[in-house]
Amino acid sequence: MKRYLCSIIIGMVVILSIGTYYVKVASSASLPKYTFKTLEGSDKELDPVIINATLQKGSTFYEPLTIESNTTTYARERSYLENLTGRQGHEIERLVKEHRSFMRGKDSISYLYEDDDFLAYAWVNSNITNNGKMEAKFDIGLLEKKDEEETSFQIELPNQDRIMNADVRDVQLVHSKLQILTMNDVNSNNEKQTKEVHLYTIDVANKKVLSDKTLVSETFTDPNQVDFEMPIDVAPSQPNNMVLISLIKGVNHEDGFKEKQKESKLLSYNYETEKLETVKKGSLSLDMARSGYADGKNLYAVEMKSGKYRIKTFDLSSQTLTSDTELDIAANKEEQYTAAFKNGRVYFLLNGMNQDGFLTNKPAKLLIADIKTGKTFYKGETVINKKNSKGFELYFDVLEIK
């Protein structure tokens, strides 16, 4: 009887869940729709643009939505199964469709590498034992696309008894060897703290760690602080020859953190040459690197000058400025922006929020332009249908380009 009772309860829960879902779908017709009104150029330029956002009303209503190809879709309008898996990026969705078996359980593009022949994955799987020590293993996966042959295994991190935390920041496949760049917090048995950047080389065929190379190691004592930062990766799964690492040193004061500008520096690491170098001062400032967007070949830095936004493009190999382009959009240091770079174009979004995260009551603006020449392909701003729009607030989260 208990067995049948459990089955009945489970069935009722499923029915109620699905019923609730379809009630929500029906009510989506009453929600406002957002689109971009074209001010300049062709609205066909919006076809590859995906913007994830959230609609809010007071403190009780919260609804995720996506503006894709200039069409608004609310979470409640998606299928029941799609909502069970949650919101995923466009690249993850593509990889799941193309390689469903390999992608099972893999939901972050930052831990993936893809080229024409291979798809690779690396992540640190860790837990704290009863004695306070960390047990950590790499979850490694490699797919040969031609025959869909998968290799998956776990392998212990070297010297893990001294590691408190390891965060994977980049995955590359170089000369058939998997390269995993991590930022580690190291366990110190005194008041000192240590942070390190490591490069692990994995022989996937033989399932072993070939080397554990410490690229940077910094030890400090409170109130001194050290941190590592990397620019936003606009092509996280694509083959990259080079990464940038900002080494930030400073002191914690009562009124906040104060950086030691003379001791902070910008580093570059080349996977092919295996060289770690300090980027020359003047060619690329620390502030530009931290707030910039990188793709392994170039770094794109946004600058406000003479009331306009400019995109500075730096070639990472030569450490030279290759273009300095003015965008045809008014600059406001109080407004938040986000950008995406693909196929020689910059997609620049002013999201209608100030630096504190509050709405400015201005429509969001989107500009699509040529990175080198600044030629505008599209300019537009958000509009909302007036029906049932009172009290709703739209917050932009992620800008993606297909």
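1. L244, S268, V279, S283, L284, F314, D315, L316 and Q319 line the largest cavity. Keep in mind that this is a predicted model. By type, the lining divides into 5 nonpolar residues, 3 polar and 1 charged. D315 belongs to that lining, and Asp counts as charged.

2. How many cavities of 30 Å³ or more does the structure hold? The count is 1. The volume of the largest cavity is about 50 Å³. Rolling a probe the size of a water molecule over the atoms shows where empty space is left.

3. Now look at E218. Find this residue in strand β12, which runs over residues 208-221. Is E218 buried or exposed? E218 counts as buried because its relative accessibility is 15%, and buried means under 20%.

4. What does E218 touch? Set aside its neighbours within four places in sequence. E218 is then in contact with Q193, T194, K195, V226, F228, L247 and K249. Pick out K249 from that list. The side chains of E218 and K249 are joined by a polar contact of 3.2 Å.

Technical notes:
Residues are numbered from 1 along each chain as its sequence is written. This is a predicted model: local features need pLDDT of at least 70, side-chain atom pairs count only at pLDDT 80 or more; totals for chains, interfaces and linings use all residues. Side-chain values use heavy atoms; hydrogens and water are left out. On a 1 Å grid over the protein atoms alone, a cavity is a set of points where a 1.4 Å probe fits but cannot get out, and a pocket is an open set with protein on both sides within 12 Å along at least five of seven lines; lining residues have an atom within 4 Å of a point. Grid points are joined across faces, edges and corners, and a volume is the space filled by probe spheres set on the points. Helices (H or I, at least four residues) and strands (E, at least two) are DSSP runs, numbered from the N terminus. Buried means under 20% relative accessible area, exposed over 50%, partly exposed in between (1.4 Å probe, protein chains only). A polar contact is a pair of N or O atoms within 3.5 Å; within protein, one must be able to donate a hydrogen and the other to accept it, and residues adjacent in sequence count only if both atoms are side-chain atoms. Contact means heavy atoms within 4.5 Å.
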